[in-house]
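Subject: Structure handover

Hello,

Here is the structure you were going to look at. My notes follow below it.

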Amino acid sequence: MLSSDPPAPPAVEVGGGRPDCPICGGMGFILPDVTPENPQFGRAVECSCRATNLEKSRFDKLLRVSELGSLTNCTFDNFLTDGVGLPPAKQMHLKLAYDSVFAFGKNPQGWLVLKGGYGSGKTHLAAAIANYRIAQGQMVLFVNTPDLLDHLRAAYSPSSDVAFDDRFQQVRNAPLLILDDLGSQSNTEWAQEKLYQIFNHRYNAAMPTVVTTNQELESIEGRIRSRLVDHRLVKIITIAVPDFRHAGFHEMQPDLSTLDMHADQTFETFDMRDRELPQNESNNIRRAFEAAKNYTENPRDWLVFNSIAHGNGKTHLAAAIANHLAQNGEVVLFISVPDLLDHLRATYNPSSVIRYDRRFNEMKNSPILVLDDLGTESASPWAREKLYQLLNHRYVARMPTVITTATAIKDLDPKLESRMMDENHSTFFVLKAPSYRGKSKTGRSSNRRR
């Protein structure tokens, strides 16, 4: 028997709508306002608020899986591509790095390694990739490397609600894996083995992977490093800018730097001693001054001021270079060699809050390093080895380095001497003036710092 009544609406699961929705009142479904002749008459359809809620629920789930936490606010839109008080050259460098990372975020292919110092923005950019992909509905696993290893260890516990194998497979097979702060983990044999298994699996499958690190790649475990430097799969971007979390140039300087103690030693306060010295020594001082000024225009490679005499202007010129560059937004580590070695020794103390490798890398990779008083340190085998490692790294990388020394050339460590005297990498300037005596030939005293 046929009935003229409209068909009964299909059974639907109510709920899932927005509670304050004025259309469905939180039911999640509505009956279209159509005539009985319309095929949709009496058939419940999803309210737009339910679709929005389902999308938000899916988005929230992706965020929970990604473990972004407070980094959910790190996006490409709010990244400061001009940095904070950076000179134009560094702004351009940062913008190029940003463009490369953004391109990867739009189309994750291969691996991306972001290298940079603390606060350089590499974690923000990595998180921006994750947030961008999640907004596109894509699955991303963002995890800090030490936290990842802690999660894996916790999976061994009988009380864990996730089996180790399940968690390990989740990491190895994540559609996009972002590992933050590689190198900050405790490098036990177990940790190295697990990380290698993850990297090797993703390397063989060419799965999209992002890594951030403040370590030199040479310090990373060999099997992992060999995969990180494969240019066929990996793009390495070095972000050489100061800490974003500091605003002024004084605050941007490393905590090891003693440049603030030499704030009055500038080019303007340098005493040429024209009326005190013989002509040849006066000319020599002027040439040293010009060499220092010229170096600030294009700081590259090494500039060495050498003189057996103490107090004849070497430190003042080195400090003037450092102050000038710092005023222009450069990050400068100004430190005496004995103090540098003391800071390294202090990291061996069990109560030290800073690890040796972090401190040493901070020195090795300082954008500009000014080493005062080379040769006055205790010449122990350990001290010679550390200084050679530090300076050889900067020599090979042609990193801006200014050195003062009152040690005769023949008494310098031969390995350091060969690098200082290499005219292709270093300008070696010998100051011939004697120690500053404090009075000019006219008898007028001068209180200018030397």
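The crossing of helices α2 and α3 is right-handed. Please keep in mind that this is a predicted model.

Helix pairs

α2 covers residues 88-106 and α3 covers residues 122-135; they pack at an angle of about 30 degrees, and their axes are 9 Å apart. Since angles under 35 degrees count as roughly parallel, α2 and α3 are therefore roughly parallel to each other. On the α2 side the contact is made by Y98, V101, F102, F104, G105 and K106, and on the α3 side by L125, I129, Y132 and R133. Sorted by class, this contact of α2 with α3 has 7 nonpolar, 1 polar and 2 charged residues.

The other pair in these notes is α5 (residues 164-172) with α6 (residues 189-204), which pack at an angle of about 50 degrees with their axes 9 Å apart. That angle makes α5 oblique to α6. α5 contributes F164, F168, V171 and R172 to the contact, while α6 contributes W190, K194, Q197, I198, H201 and R202. Here the classes come to 5 nonpolar, 2 polar and 3 charged residues.

The sheet

An open sheet is formed by 5 strands in the order β9-β10-β11-β8-β12, with parallel pairing. β9 (332-336) and β12 (426-430) stand at the edges with a single partner strand each, so one side of each has no neighbour in the sheet. On average, neighbouring strands of this sheet are turned by 10 degrees against each other, direction ignored. Helix α10 (residues 314-327) packs on the sheet and touches β8, β9, β10 (368-374) and β11 (401-405); the direction of α10 makes about 160 degrees with that of β9.

Strand β8

β8 (residues 302-306) pairs with β12 in the parallel sense over 5 bridges, and 5 bridges also join β8 to β11, again running parallel. At the level of residues, W302 has T401 as its bridge partner in β11 and stands opposite S426 in β12. F305 has F429 as its bridge partner in β12.

How many residues of β8 are buried? The count is 5 of the 5, so β8 is largely enclosed by the rest of the structure. Both faces of β8 are covered: on one side W302, V304 and N306 are buried, and on the other L303 and F305 are buried.

Regards

How values were computed: Residues are numbered from 1 along each chain as its sequence is written. This is a predicted model: local features need pLDDT of at least 70, side-chain atom pairs count only at pLDDT 80 or more; totals for chains, interfaces and linings use all residues. Side-chain values use heavy atoms; hydrogens and water are left out. Two strands pair if DSSP finds at least two bridges between them. Helices (H or I, at least four residues) and strands (E, at least two) are DSSP runs, numbered from the N terminus. Axes are lines fitted to C-alpha atoms, for helices over the stretch in contact, and angles run from 0 to 180 degrees between N-to-C directions. Contact means heavy atoms within 4.5 Å. Angles under 35 degrees count as roughly parallel, over 145 as roughly antiparallel, 65 to 115 as roughly perpendicular and the rest as oblique. A crossing is left-handed if the near helix is turned anticlockwise from the far one by less than a right angle, and right-handed if clockwise. Ala, Val, Leu, Ile, Met, Phe, Trp, Tyr, Cys and Pro count as nonpolar, Asp, Glu, Lys and Arg as charged, and the others, Gly among them, as polar. Buried means under 20% relative accessible area, exposed over 50%, partly exposed in between (1.4 Å probe, protein chains only).
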